[in-house]
Amino acid sequence: GHLPGVAVGDEFNGRGELAILGLHLRILQGIDGSKDTTAGAFAICLSGGYKDDSDEGASFWYTGQGGQSGGRQVKDQKWEAGNVALRVSYETGMPVRVVRGAKVDGALRYTFDGLYRVVE
């Protein structure tokens, strides 16, 4: 859910800041979810890491995690880790925090975009 002191539109200098604030704890992964598969996903980070991702602003298509090598999708993803957490969020209707990453003056900056529901 929402974190006290963090508003939609707040910007951050890197994944380390996101982790310190508790917005997205997994610095090297796009999906922040619990190993306890009943908890679902806490947050996802959209930063263009997957070619099949699509971001339309109010909605987006998020590929999930896994199956890449050298920035290319080389095999199917599996229902494990963060992908399972997203499926649990879909099944339970629990919202997921969304953070968007974009290059600004050559550096990757992140913006908290709010809570979204996984619908498909």
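**Overall build**

The model is predicted. The chain holds 2 helices and 9 strands. Along the sequence, these elements follow the pattern β-α-β-β-β-β-β-β-α-β-β. The radius of gyration is 14 Å, close to the 14 Å that the globule rule gives for 120 residues, so the chain is as compact as a globular protein of that length. Taken along the principal axes, the C-alpha atoms fill a box of roughly 35 × 30 × 25 Å.

Of the 120 residues, 33% count as buried. The chain exposes about 7300 Å². Carbon and sulfur atoms supply 52% of that area. Contacts also reach along the sequence: among those between residues at least 6 apart, 45% join residues at least 24 apart. The charged side chains number 13 positive and 15 negative. The centres of these two sets lie 6 Å apart.

**The five-stranded sheet**

What is the strand order in the open sheet of 5 strands? The order is S1-S9-S8-S3-S2, and the pairing is mixed. Strand S1 (11-12) and strand S2 (31-33) stand at the edges. Each has a single partner strand, so one side of each is left without a neighbour in the sheet. Strands of a sheet pair through backbone hydrogen bonds, either parallel or antiparallel.

| Strand pair | Sense | Bridges | Residues standing opposite |
|---|---|---|---|
| S1 and S9 | antiparallel | 2 bridges | Phe12 and Tyr110 |
| S8 and S9 | antiparallel | 9 bridges | Val99 and Phe112 |
| S3 and S8 | parallel | 4 bridges | Ile44 and Val98 |

Strand S8 covers residues 96-104 and pairs with strand S3, residues 41-46. S8 is also joined to strand S9, residues 107-116. Val98 in S8 stands opposite Ile44, while Val99 stands opposite Phe112 in S9. S9 in turn pairs with S1, where Phe12 stands opposite Tyr110 of S9. As a general point, side chains in a regular strand alternate between the two faces of the sheet.

**The S8–S9 turn**

S8 and S9 form a hairpin with 2 residues between them. Asp105 sits in this loop. Is Asp105 buried or exposed? Its relative accessible area is 81%. The cut-off for exposed is over 50%, so Asp105 counts as exposed. The backbone is also worth a look. Phi of Asp105 is near 50°, a positive value in a residue other than glycine.

Ser89 is found in helix H2, residues 81-92. Its relative accessible area is 0%. Buried means under 20%, so Ser89 is buried. Which residues does Ser89 touch, leaving aside those up to four places away in sequence? They are Gly40, Ala41, Met94, Val96 and Val118.

Lys75 lies in the loop between strand S7 (72-73) and H2. At 54% relative accessibility, Lys75 counts as exposed, whereas Ser89 is buried. Lys75 and Thr92 are 17 residues apart along the chain. Their C-alpha atoms are separated by 28 Å.

Note on methods. Residues are numbered from 1 along each chain as its sequence is written. This is a predicted model: local features need pLDDT of at least 70, side-chain atom pairs count only at pLDDT 80 or more; totals for chains, interfaces and linings use all residues. Side-chain values use heavy atoms; hydrogens and water are left out. The radius of gyration is taken over C-alpha atoms; the globule rule is 2.2 Å times the number of residues to the power 0.38. Buried means under 20% relative accessible area, exposed over 50%, partly exposed in between (1.4 Å probe, protein chains only). Contact means heavy atoms within 4.5 Å. Accessible areas come from the Shrake-Rupley method with a 1.4 Å probe; for residues, only the protein chains shown count as cover. Lys and Arg count as positive and Asp and Glu as negative; His and the chain ends are not counted. The place of a charge is taken as NZ of Lys, CZ of Arg, CG of Asp or CD of Glu. Two strands pair if DSSP finds at least two bridges between them.
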